[in-house]
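Visitor: Please show me the structure. I would like to ask how its labels are decided.

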Amino acid sequence: MAKFFGRIEFPCTIELGRGLEGAITNVTQIGYVDGQAGALIYRGYSIEDLCEHSNFEEVAYLLMFGKLPTASERADFETKLQQGGTLPEPVMHLIEAKPKDAHPMNVLQSAVAALACYDEESLEVTHNVSDPAAAMKAETDVAIRILARTRTVASAIARARLGRPLIQPDPELDFTSNYLYMMTGEKPDEVTRRVMDVCLILQADHGMNASTFTAMVVHSSLSDMYSTIAAAIGSLRGPLHGGANEAALADLQTIGNPENAKTWSQEKMSKGEKIIGFGHRVYKALDPRATVLKRHAEVLCKQKGFESLFETANTVEREVTAAMEAKGKKIYPNVDFYSGLVYHALGFPTPLFPVIFAVSRTAGWLARVLEYLPENRIFRPRAVYSGQTDQTYVPIDQR
Ligand SMILES: CC(C)(COP(=O)(O)OP(=O)(O)OC[C@H]1O[C@@H](n2cnc3c(N)ncnc32)[C@H](O)[C@@H]1OP(=O)(O)O)[C@@H](O)C(=O)NCCC(=O)NCCS
């Protein structure tokens, strides 16, 4: 297992690229992406193993606390999630008051930021630097509430867009079932719950990506956790980050059926166009999340009557992968190629796709800022100044 760790010896010499490529923010034990091997691990466990045997609550605990919970720790964590997930009435009204066609990520961001106004503990804890252990415990409790509430907000957004009354969590349901129940008003069947759980596990953490770095930068000023997560949501919202899954799904729908998939793929490639849902900056092998999702997509699509869409995706994958391999290029499907298909088969409207991603990634954001807190130092990089240095002020009437 350890062989795919690219360990870094400190002090080290690095080459910095645009977008801080090559920069190292900190040392972490939370998660690791091995792009060459096509592997993703959380706290030493492969995501394949976690998707097979675990569930989202347990994975969130693993990320935040560094180990798999015992039965009593898990029960305690679940209780905290259940108790912490209810939204204050004014936040429910805020969500309902937003325009129905507002971008769901903007609503999510503002509702999460607003939650700080109703959680006094969240405003005090990080400033208690004289008692780090107490600060850590209080901050962790706030983090658990944020995870539960972000999910409730996400469900509320789905309903508010349709003008339906919002639903608070059902104390009898687990995290994922509650998410689906609050969104649809119905308790999910086992296949739906399981696939959703796997989606949440798969996107919970992924190295020092833009939104994770955003969360760390904001929290490093000892800002409150709600501001931290709201900022990270803002970062995730951008099209360069929040997912190409919408576009990948749109392509599959345009292709229409598996018979058209071969011609479509060949035409795209012959024009030198990029195929959305393929390739990755880090993975130079098959994205392991895509492999897991594909298996679930197949089962789900069969159950929900989307066999043709799945077969279309499968054919595109076969065609593109074979053509790329023939050219010696390491271009494989990434997580977005199959996640859009899965969310569509689950019945989610496409504007909600990044919101689902945000609920899942909140676990990773929280884990990483909690890990950094004991050794906190405010992030303060520098820019290279290339402007002028010898200007003299000119009054406005002389310019
Ligand atoms: C993800 C992505 C931005 C990574 O970009 P990157 O690491 O900067 O890679 P580049 O864009 O420099 O591509 C490297 C080479 O692979 C090719 N390539 C990369 N992704 C490709 C794709 N999706 N389809 C076809 N060719 C692709 C490029 O054309 C380039 O070929 P060249 O060397 O002959 O010029 C890129 O693969 C992409 O745009 N994919 C489609 C969008 C997508 O699915 N995004 C979600 C990512 S999770």
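Visitor: Why is Tyr-343 called buried?

Guide: Its relative accessible area is 0%. Buried means under 20%, exposed over 50% and partly exposed in between, with a 1.4 Å probe and protein chains only, so Tyr-343 counts as buried. Phe-353, at 0% relative accessibility, is buried as well. This is a predicted model, in which local features need pLDDT of at least 70, side-chain atom pairs count only at pLDDT 80 or more, and totals for chains, interfaces and linings use all residues. Residues are numbered from 1 along each chain as its sequence is written, and side-chain values use heavy atoms, leaving out hydrogens and water.

Visitor: What makes Phe-65 and Phe-77 an aromatic pair, and why is the pair called edge-to-face?

Guide: A search of the whole structure finds 11 aromatic pairs. For Phe-65 and Phe-77, the centres are 6.0 Å apart and the planes stand at 85°. Rings of Phe, Tyr and Trp (its six-membered ring) pair if their centres lie within 6.5 Å; planes under 30 degrees apart count as stacked, over 60 as edge-to-face and the rest as tilted. The distance therefore makes a pair, and the angle makes it edge-to-face.

Visitor: Why is the pair of Tyr-343 and Phe-353 called tilted?

Guide: The ring centres are 5.3 Å apart and the planes are at 55°, so the pair is tilted.
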